[in-house]
Amino acid sequence: MISWTARAGLVGLSIVVIVTAAAHFIAPHDPARQFPDLAFAPPMLPRVLDNAGHLHRPFIYPIRLVDRLEHRFVEDRSARVTLEWLTSGRLVTTPEGSSPWLLLGADALGRDVFARMLRGAQMSLGVSVVAAALALTLGALLGALAGFVGGKWDAALMRLADFVVVLPIIYVVIVLRATMPLVLSSSQVFWTMTVVLGVAGWPFPARGVRAVIALERKKEYAEAAQAMGAGWLRILLRHLLPAAQGFLAVQATLLLPMFILAEATLSYVGFGFAEPTPSWGVMLHEAAEAGVLSEAPWLLAPAAGIVMSVLCLQLVSEGSTQVSEREGVTH
Amino acid sequence: MRSGFRRYLFRRVGFALLLIFAVSSASLLLARLAPSDDVFAVDRVILAAERHRLGLDKPLLEQYLDWLGRTLRFDFGESLRFRRPVAELIRERAGRTALLGFSALALATLVGIPLGVFTGSRPSGLLTSTVRLTSIVVLSMPSLVTSLVLLLLAARTGWFPAGGLPTISDGTGTLQSIFIVGRYLFLPALALALPMAAALERLQSRAIRDSLTEPCIVAALARGVPRQRVIWRHAFRLGLKTVLAIYGIMIGTALGGSFVVEIVMAWRGLGDLMYQALQSRDLYLVAGCAAAGSCGLAFGILLSDVALAAIDPRVEDVV
Amino acid sequence: MAGKLPKSLAVIAIVVAIGLATYFARRAPKIGPATAPSSGTAAATAPVRGGELLASLRAEPATHNRYVDYSAPGEVLALLTHATLVRVDRTTDTLEPWLAESWTESPDHLAYTLKLRQGVLFSDGTPFTSADVLFSFRALYDPRIKSPLANDTLVNGKPLHIEAPDPATVIVRLPSLFAPGLRLVEGVPILPRHRLERALTEGKFNDAWSATTPVTEIAGLGPFVLVEHASGERLVVARNPHYWRKDAAGVALPYLDKLTVVFASQASEALKLQAGEIDLMTNADIRSDDYAAFKRAADQGRVRLIDGGLGLDPNLLWFNLTAVHAKEPASRLFQQKAFRQAVSCIVDRQAIVNTVYLGAAVPIYGPVTPANRTWFADVRPACEHDPIRARELLAAAGLADRNGDGVLEDASGKTARFSILTQAESIRARVVAVLQEQLRQAGIAVDIVPLDQGALFARFAKGDFDAIYYGIQSSAIDPALSPGFWLSSGDYHFWNRNQKAPATEWERRIDDLMRQQAETFNVEERRRLFTEVQRIFVEEMPAIYFVTPKVTLAVSARVVNPQPAPQIPQLLWSADSLATRR
């Protein structure tokens, strides 16, 4: 029934969602914490085998600074730091005072890239999900209205949709942001971005919903309901909108990647979240700006986060498109 | 039918013009609302003089009407930051963006279409799966990611210049100049082209697969016409329509994508100019860039509408 | 189909994953034995005439008229295409003859008689005379022009008086005693009267030589002439055939036929230099981040690293102490000396050195760094870094964590919070991120606002900020040449600019001391007075200094005869003696 790709996508998505939601628990360190001696430290792999080939509980070899300026580090093979599980409210961490565990290395300020990436996921994905929900709701309502009422309203709404679709979103947000106060808290940034993206995204679902509704309205059951004297709102909500459900689900998988990218781009160009709140765009910006991309490729980890989330969404949407094609559903 | 098409065309052109107008005036007004206007001088007296010279001290409505009147004559005012006419700056930069965009489009076509025909005509096999998986992965990489990754590769390998514009000295021959420009252009164009190529591959592949089930193709195959010929002669043509229709949208994508690629790769085009203009609150430059950008977008939309209408006469009735 | 696909997909995915994993496992952890540092041996090649070099510049000059452009790109363009009456040799900090080949000082130190070099021609072939000097200073002080350069050429707010008794002689009269003397005119390029006089009379001088003026209309006395300015791309300057200077062997300078200056961001210029696409950067110092990559390029012989000593113009965190801002809650904190001292005391400067500068910096406490050998005094605040002492200071400022949320509040319950504006995409932004974290641990909330340079200036000019972390480059070593910073009436008295009368007692003290030392001709006495100024500054802390970098300069292996100076532009200040391998 569900294709293999869609299933893989769904599994991937679930993992992303769970990890993001539990970021505080999963991250081994505080994302804001700076380890002054570990700027640009390379990723540290967890191990179970030591030098001599003996098996241990998962541990890491701490790294030691050799040359700060050339950011060279050596692994200290003489001491093992055993990972501690489920202590101090974290899934896994290292004891305070010993070497931190930097799964994806450290950034220019010696902060844990992995922890920041998880925290960034909350920001980036959070904005995208809420904005998508907003866009879908707005789109479904306006689209249904247009399709149901028809006539002048329909024409006006669809012209407006045409117009909003071609507005360069990124650009609108940038100009909007520029008109706002300089110091915005993270939550203010979050909601501003969400609302703007949501408002910019409604025409995509609206167009399709309108088409579906316009089609369904002419079908027998709708006409029958109308003949039986059901109110128009009732017909719309109870009979017609459910027909657009499948379409809306597919739209969600299309809008989300768009918004993830929009957030990343906005933050990248400096109109999104600000220090110390990491978002994927902010982190990518720091990576590109550091000028050490070739020295510290692990700073691009958020790019992998973006690709993975979008990929999972692609797989789901691709899979569901194939299924609906096979089942002969049109949208 | 022909007159219907012409009427449709008129309507779309009208819409495109309206779009350009609305976007650029909206951005002028919005940028004007921004709390600080910034002139590159610390001295207050100079600041006031500059503002007066550029008409920034007039009331908003008057400023807007001024700007509108001049815009109709293709005069976008003067940039505060560069102290040069906006139209001139945009002309310079638009050329580079167009070069980047069209190279990317060409690159995407050259890679995406043949691959799509290949995967579409051969639904299984290791190679097809590889292409398909690659394309889905690449499709998940926005140009922001591709340009950063390519930048990383360039910095590590040194095969290509890591961003920036080529400098061509006077004595260089034409052929060599093209080679130099090509070297600098390649990475940004590739970063922009990769997602587009993947999209084209997917689309073309689907189109070929669909057309292979069309009666005429099945009949041709049954008559014993060689499969390769059927695919390239007939199925390809059948599928071309849907793919052609997407090009207009691609122009829009290319414009949006080039905004990011230009910033990351320091390709000094329109996107980069707009970024600088926004950063320094260069009012007229912002509006000018917006107008230029929406021109490109409107052109793309117009193209795709017309292509669609030309291919499928039903479109007129629906819209 | 769906059944067949997964297997092959899985195979590919695994192969790709293994490939990536091995690649990064091989490349990622840069672990290896420490190699002996070898900073690329400077081949002592004698400079020869001819050839060209490529340089980079981070911003673009908005005009070609130095008199109305105070920006760094404006200064670079002026250094390349114009000449001044006298010059300070920045490597030795001594005043040397330039367009004036010699001068005499009157016994009362109030008049200098300059003998102009004979036979000097502008780049268009017109002879240079004292009339050009007269014209230049007339333009400089013209009230319609409001040249920002004029501010640097005033003594106690009064202009110099210039006379030209004959075509080869210029007399510079000072309105009052001023110890640095002719150093005042070191930054004033001499302009061609025949080219600009009409614009000045017609009141169009500010628009003359704009970025759109054809470059052929520009003429100068500098080593190069501007031949191309492609907006957003590059400036090209070519040898000035009429340049007057010759090297010790009698070879006509400049050595270079041509110098191309491309516009590039800080990140991309470093990459370009490593890749050999450019030969030098106008801001020739490399970022600590880039050191490793440059070191590798140097080991491969592609670039040369030069030790540039300590940085001369450190960044500073200044508080908005203006009366206009006084109503803001942040300002109520700033007004208290104890709070300012506490901020300095909280910050672990060594942590900034270690993380942001990767060890290539030293802690400092005041505006004058050890790089300024003549004027530096090692004065330190009572508390260099001591969390316990900092807490006492904060308590003295009325701050305590009253509700146990980890953030300090004042008596009325207002949280201790302020914003710091800083330049986006720079090492400054990173220093501020460290400050933010360190202050957070001490219970002070900081919001960082990264801004474009222009927007930052605009905010600063309007006084619309809490605190700013930034730095201004200045070519002046002598403190008397920076009245804008030290005097309460100054434009660059960042924390409270252009005061009519000193707002505080200590600012009055500094004003007095600075005036006194500017009029004193005994160097020892001047130094004693200036040390007292630095002591007051460090005690009052209207602005906090944290670190100054250990500068490393990088040039490509093609650059011959560089003369590194501590000021920016470290190499282009003497562009006429730069040469390249042929």
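**Conventions.** I number residues from 1 along each chain as its sequence is written, with chains lettered from A and ligands numbered from 1 in the order in which they are written. Since the model is predicted, I keep local features only at pLDDT of at least 70 and side-chain atom pairs only at pLDDT 80 or more, while totals for chains, interfaces and linings use all residues.

**Chain C against chain A.** I looked up the contacts (C-beta atoms, placed from the backbone, within 7 Å) and found that 37 residues of chain C meet 35 residues of chain A. On the chain C side, α1 (4-27), α5 (266-274), α6 (291-299), α9 (349-355), α11 (427-441) and β18 (445-451) each supply at least two residues; helices (H or I, at least four residues) and strands (E, at least two) are DSSP runs numbered from the N terminus. The most comes from α11(C), with five residues.

**Sheet in chain C.** I then traced an open sheet of four strands in the order β4-β5-β9-β8 of chain C, with antiparallel pairing, where pairing requires at least two DSSP bridges between two strands. Its edge strands are β4 (100-105) and β8 (161-166) of chain C, each of which pairs on one side only. Within the sheet, β5 (residues 111-116) and β9 (residues 169-173) of chain C pair over five bridges in the antiparallel sense, and I noted C:Thr169 in β9(C) as the bridge partner of C:Lys115.

**A:Leu104.** I placed A:Leu104 in the loop between β7 (90-93) and α3 (113-149) of chain A. A:Leu104 counts as buried because it has 21 C-beta neighbours inside 10 Å; the class asks for 20 or more other C-beta atoms within 10 Å of the residue's own, with C-beta atoms placed from the backbone, whereas 12 or fewer is exposed and anything in between partly exposed. Leaving out residues up to four places away in sequence, I list its contacts as A:Pro43, A:Val113, A:Phe114, A:Met117, A:Trp298 and A:Ala301.

**Helix pair in chain B.** Finally I checked α5 (residues 126-139) and α7 (residues 174-211) of chain B, which pack at an angle of about 130 degrees with their axes 8 Å apart; axes are lines fitted to C-alpha atoms, for helices over the stretch in contact, and angles run from 0 to 180 degrees between N-to-C directions. That angle makes α5(B) oblique to α7(B), the class left once angles under 35 degrees (roughly parallel), over 145 (roughly antiparallel) and 65 to 115 (roughly perpendicular) are set aside.

Key. Two residues are in contact if their C-beta atoms, placed from the backbone, lie within 7 Å.
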